[in-house]
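Subject: Structure for you to look at

Hello,

Here is the structure I promised. Please open it and keep it beside this message as you read.

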Amino acid sequence: MAISVFDLFSIGIGPSSSHTVGPMRAARMFVTRLKKDGVLAQTASVRAELFGSLGATGHGHGTPKAVLLGLEGHSPRTVNVETADDEVERIRRTGRLRLLGAEIGDVHEIAFDEPNQLILHRRRSLPYHANGMTLFAYDTAGTPLLEKTYYSVGGGFVVDEDAVGEDRIKLDDTVLKYPFRSGDEMLRLANETGLSISSLMLENEKAWRTEDEIREGLLEIWRVMQSCVSRGMSREGILPGGLRVKRRAASTARQLRTEGDPMLHRSEWATIYAMAVNEENAAGGRVVTAPTNGAAGVLPAVLHYYMNFVPGADEDGVVRFLLAAGAIGMLFKENASISGAEVGCQGEVGSACSMAAGALAEVLGGTPEQVENAAEIGMEHNLGLTCDPVGGLVQIPCIERNGMAAVKAVTAARMAMRGDGSHKVSLDKVIKTMKETGADMKVKYKETARGGLAVNVIEC
């Protein structure tokens, strides 16, 4: 099984990779299947049912909006974030859906009654994952044309019911030059070949793309990250959703700019970069899933820290940073989970912190052992982190949590660089512990908004 860095870092739309990006992809997959099967023109009605965490916190995460856009053929990567709300408002105002209309010229329009045809089951779950959804299509006589169940398993990854039981990710049998599925294997290959972690990952990525394509693709991801930080640091106002959370990145950045040498405030800048991204994410803006939307601010923040505060930083370093982060993220995806609904926020912000810490150590000149050590430190000190979003929104505590994780990642990398890479607890053991901790964690702390801060904070 092979995972590409471009599987882990994808360009999408906020506020949630598992609740927005995944369901949009699933809905689009469903209507694309209708077209492939030759029954799109016969489709007179569709119904979508959301289960588990999708049903419990779907409204706060924008899941109904994502499903509607997906049914109209929109993709998270290309949907116009400036007009998406208008598109959804049109559907709700007219009671009409244009199935796959964003993709094909011939618009097949059907009636759609959202309250009765897009159902959120707040306390029902499907058996294989907390983020499940089933879609149905019928002809004019009410005869079923297609029924498919999809699971949004974190980071925007989607599988249908045919894939469950095999694994939680789409199988890819691409033969890699240096395959590894554990931190120990990664270190062994690095020592045998003399390659860095990013170079190992680069050689594996060449199984899918040329080196020029890899570089350009990663720099495009970096450009989107930069744009997201820039937008987040220039926009003010109140975030949508009812909690009336005020954007803070822009005003805080203004304050810091008046306080002299930015080098004296490096940690605060890292926090602001992360908060800027997650404020954009909460507003439904364009972000890079890294490895999830809820944790999308950590890697861009640490990358900005690298570019702005590390002497000699350049685009080659950006490429190496993202490759190393991808190598570490792959280990979490394969051996545990990056889904808050499955293992809590330790799988989202914790994984992102670990990835960013290892990646920063890589571009600071760390050995493979120091990179692995940094990643281990980053995860070890996020173990047990719950996912209890207030109001089911990716705002409290998510925005600040990304800022805190960015600073943790920088600290973890710096700690690892002060050592020789030897340490008592391996990255593999921490990943295993994270998975077991997630299994032991009560459901109310795993993205259901039924425990923790979500029930102890008085909403004003």
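Some ground rules come first. This is a predicted model: local features need pLDDT of at least 70, side-chain atom pairs count only at pLDDT 80 or more, and totals for chains, interfaces and linings use all residues. Residues are numbered from 1 along each chain as its sequence is written, and side-chain values use heavy atoms, leaving out hydrogens and water.

**The domain**

The unreviewed UniProt entry places "domain: Serine dehydratase-like alpha subunit" at residues 192-454. Such annotations may be inferred rather than shown by experiment. Over residues 192-454 the chain is 61% helix and 2% strand. The end C-alpha atoms of that stretch are 49 Å apart. Helices (H or I, at least four residues) and strands (E, at least two) are DSSP runs, numbered from the N terminus.

**Helix packing**

Two packed helices are described by the angle between their axes and the distance between the axes. Axes are lines fitted to C-alpha atoms, for helices over the stretch in contact, and angles run from 0 to 180 degrees between N-to-C directions. Under 35 degrees is roughly parallel, over 145 roughly antiparallel, 65 to 115 roughly perpendicular, and the rest oblique.

Take α9 (residues 211-232) and α11 (residues 266-282). They pack at about 90°, with axes 8 Å apart. So α9 and α11 are roughly perpendicular. In α9, the contact (heavy atoms within 4.5 Å) uses C228, V229, R231 and G232. In α11 it uses Y273, A276, V277, E279 and E280.

α9 also meets α12 (residues 298-309). Their axes come within 10 Å and cross at roughly 95°. That makes α9 roughly perpendicular to α12. W222, M225, Q226 and V229 of α9 touch L299, P300, L303, H304 and M307 of α12.

Now α16 (residues 368-380) and α17 (residues 398-418). Their angle is about 140°, and their axes are 8 Å apart. α16 and α17 are therefore oblique to each other. Q370, N373, A374, I377 and G378 of α16 meet A412, A413, M415, A416 and M417 of α17.

**Salt bridges**

Side chains of opposite charge can pair when their charged atoms come close. The count is 26 salt bridges (a side-chain nitrogen of Lys or Arg within 4 Å of a carboxyl oxygen of Asp or Glu). One links E192 and R188, with the closest N and O atoms 3.2 Å apart. E192 and R188 are four residues apart in helix α7 (residues 183-193), so about one helical turn separates them.

Best wishes
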